[in-house]
Amino acid sequence: MFSFNVVMAWNVFKFCALLRGLGSVMIMLVLSVVGFTYYAVVVTNYWPAVLAGGANSYSSVAILILFHILLVMLLWSYFSAVLTDPGSVPPNWRADVDEESGDPLVLTGLELSKPMLNLQHTASLVGSGIQKIRYCKKCNQLKPPRCHHCSACGRCILKMDHHCVWVVNCVGALNYKFFLLFLFYTFLETSLVTIILLSNFIAFFNEGEIPASPESLATTFLTFVLNLAFALSVLGLLAYEMKTTPKWRYDLGRRKNFEQVFGMDKRYWLIPAYTEEDLKRLQTLHGLEYPSKPELDSQHY
């Protein structure tokens, strides 16, 4: 049993080390897909149509404008998710009570003797019957509500959702909005590319006269398939991220849930940024406390 646990721990360690090492590779992969799509849409198909003039040039200009707007928003959201620290536990942070059900830990006498804990305060909590205090043994610190340890990042992440290999970062309190916007604009961009290249995709299978060179037609075909696959995959991820959990203490309703992530200012909902006012007043962005339903505050699950 001991050897099995050692092997499992070693495998997990190697997997986490691999995730850290994939950083620059994944970013280059994303940029390669973007570049390949840009070449197929702009260079191969629609910019030549603009230069040729005629009635089709106007629709080509409109498509190129929309394509570039979505591309800018996609890349802006992507690098915001990549470069924004999702949030770490402040030094010497102290918990009052256990705020959620995930990973509760009853502190033993040995753990209560750790010098980093406020012994008098912790003893008063345990003595009053509140025994569940979340504590990370790896970071040697207490954990705020909805905070979890990420083995790939090697630290506790505030409001951790998951570690995403595509953004080479954890998705947490401070970059969750940026990650969702990245998915949103990726879906819009890939859907647009799929729609505008559909006729070229169909032409690939026609036995009649080919409207373009075989090289450009093959490039367009691969771009269509690639973007269709990404559109369907991202749609599934968006549906998963937007799902709700019944009778969850942090579920405040669709409107308030949305504002907790995207902010109160409607002008900033679709851009990867927050107003100064939202950064100050939204508890979720601080990652330490979260508004919840009073009738469910006593639940620990």
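Predicted model: local features only at pLDDT ≥ 70, side-chain atom pairs only at ≥ 80, totals over all residues.

Reader: Okay, how many aromatic pairs does the structure hold?
Author: The structure holds 10 aromatic pairs. In one of them, the rings of F178 and Y274 have centres 6.0 Å apart and planes at 45°, so that pair is tilted.

Reader: And where do F178 and Y274 lie?
Author: F178 is in helix α6, while Y274 is in the loop between α9 and α10, so the pair ties together parts 96 residues apart in sequence. F178 and Y274 are both buried.

Reader: What about F184 and Y185, how do their planes sit?
Author: Their planes are at 65° and their centres 5.2 Å apart, so the pair is edge-to-face.

Reader: Are those two buried or exposed?
Author: F184 has 31% relative accessibility, so it counts as partly exposed. Y185 has 6%, so it counts as buried.

Reader: What sits over the ring of Y274?
Author: That's the charged end of K177, 4.5 Å from the ring's centre.

Reader: Switching to helices: at what angle do α6 and α8 cross?
Author: Roughly 145°, with their axes coming within 8 Å. The crossing is left-handed. Residues making the contact include F179, L183 and F187 of α6 and F224, L228 and L235 of α8.

Reader: Which classes of residue are in that contact?
Author: By class, there are 15 nonpolar, six polar and one charged.

Note on methods
Residues numbered from 1 in each chain as written. Heavy atoms only, no water. Axes fitted to C-alpha atoms, helices over the stretch in contact; angles between N-to-C directions. Helix = DSSP H or I, 4+ residues; strand = E, 2+ residues; numbered from the N terminus. Left-handed = near helix turned anticlockwise from the far one by under 90°. Contact = heavy atoms within 4.5 Å. Nonpolar A, V, L, I, M, F, W, Y, C, P; charged D, E, K, R; others polar. Phe/Tyr/Trp six-rings, centres within 6.5 Å; stacked < 30°, edge-to-face > 60°. Buried < 20%, exposed > 50% of the residue type's maximum accessible area, 1.4 Å probe, protein only. Lys NZ or Arg CZ within 6 Å of the ring centre and 35° of its normal.
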